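I opened this entry to record what I looked up in the structure, going from the overall fold to a few side chains.

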Amino acid sequence: MKRAILGVVVCVLIAAPSMLGGQEAATRVSGLVIDPGADHVQIKSGWNEITLFYGDASQFLKKDGTAADKTIVEICQIADASFVMKESRFLLVKYQVLTESYCRK
């Protein structure tokens with residue numbers, strides 16, 4: 001009986017943030033931009049490649065930290081990005097240029 005009650009309490013505590021509409025923690029990645037698209041950016045970090053989709057609340061920062069728009073994203077940049085999982089896609093929260101592109105078109 002005690003185990004059943006304890007199991008229910010644990011399930012409620014695990015589900016509480018999503019039931020209350022809690023904000024998900026953002027994950028951070030740094031790497032090389034390999035595909036700057038119109039609605040996404042693909043970043044290679046080590047052996048991993050991740051596609052991050054732009055959203056209405058996505059923030060873009062230049063190397064010096066000043067605000068910019070998504071046109072700042074270029075191929076061959078080294079960037080730091082944070083993202084959350086939303087609707088089965090990785091949604092970009094914040095994008096900051098660390099090193100300017102070394103292979104401009």
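For the element pattern I took helices as DSSP runs of H or I with at least four residues and strands as runs of E with at least two, numbered from the N terminus. The model is predicted, and I kept that in mind throughout.

**Entry 1, the chain as a whole.** On that basis I read the pattern α-β-β-β-β-β-β-β along the sequence of the protein chain, which comes to one helix and seven strands. I then looked up burial and found that 27% of the 105 residues count as buried. The accessible surface comes to about 7,500 Å², and carbon and sulfur atoms hold 59% of that surface. Among contacts between residues at least 6 apart in sequence, I noted that 51% join residues at least 24 apart.

I looked for disulfides and the count came to one, joining Cys 76 to Cys 103 with an S to S distance of 1.7 Å. Cys 76 lies in the loop between β5 (67–68) and β6, while Cys 103 lies in the segment after β7 (89–99), so the link ties together parts that are 27 residues apart in sequence. The angle about the S-S bond is 100°, and the link is right-handed. Cys 76 has a relative accessible area of 11% and is buried, whereas Cys 103, at 28%, is partly exposed.

**Entry 3, the aromatic rings.** Next I asked how many aromatic pairs there are, and the count came to three. Phe 60 is buried at 7% relative accessible area, and Tyr 95 is buried at 0%. Apart from ring pairs, I noted that the charged end of Arg 89 sits over the ring of Phe 53, 3.9 Å from its centre.

Is Asp 80 buried or exposed? I found Asp 80 in strand β6 (residues 78–86), and at 14% relative accessibility this residue counts as buried, because the cut-off for buried is under 20%. The side chain of Asp 80 makes a polar contact with the side chain of Arg 28 at 3.0 Å. Leaving aside neighbours within four places in sequence, the residues in contact with Asp 80 include Val 29, Ser 30, Lys 94 and Tyr 95.

Notes
Residues numbered from 1 in each chain as written. Predicted model: local features only at pLDDT ≥ 70, side-chain atom pairs only at ≥ 80, totals over all residues. Heavy atoms only, no water. Buried < 20%, exposed > 50% of the residue type's maximum accessible area, 1.4 Å probe, protein only. Polar contact = N/O pair within 3.5 Å; in protein donor to acceptor, adjacent residues only side chain to side chain. Contact = heavy atoms within 4.5 Å. Areas by Shrake-Rupley, 256 points an atom, 1.4 Å probe, with all protein chains shown as cover. Disulfide = S-S within 2.5 Å. Phe/Tyr/Trp six-rings, centres within 6.5 Å; stacked < 30°, edge-to-face > 60°. Lys NZ or Arg CZ within 6 Å of the ring centre and 35° of its normal.
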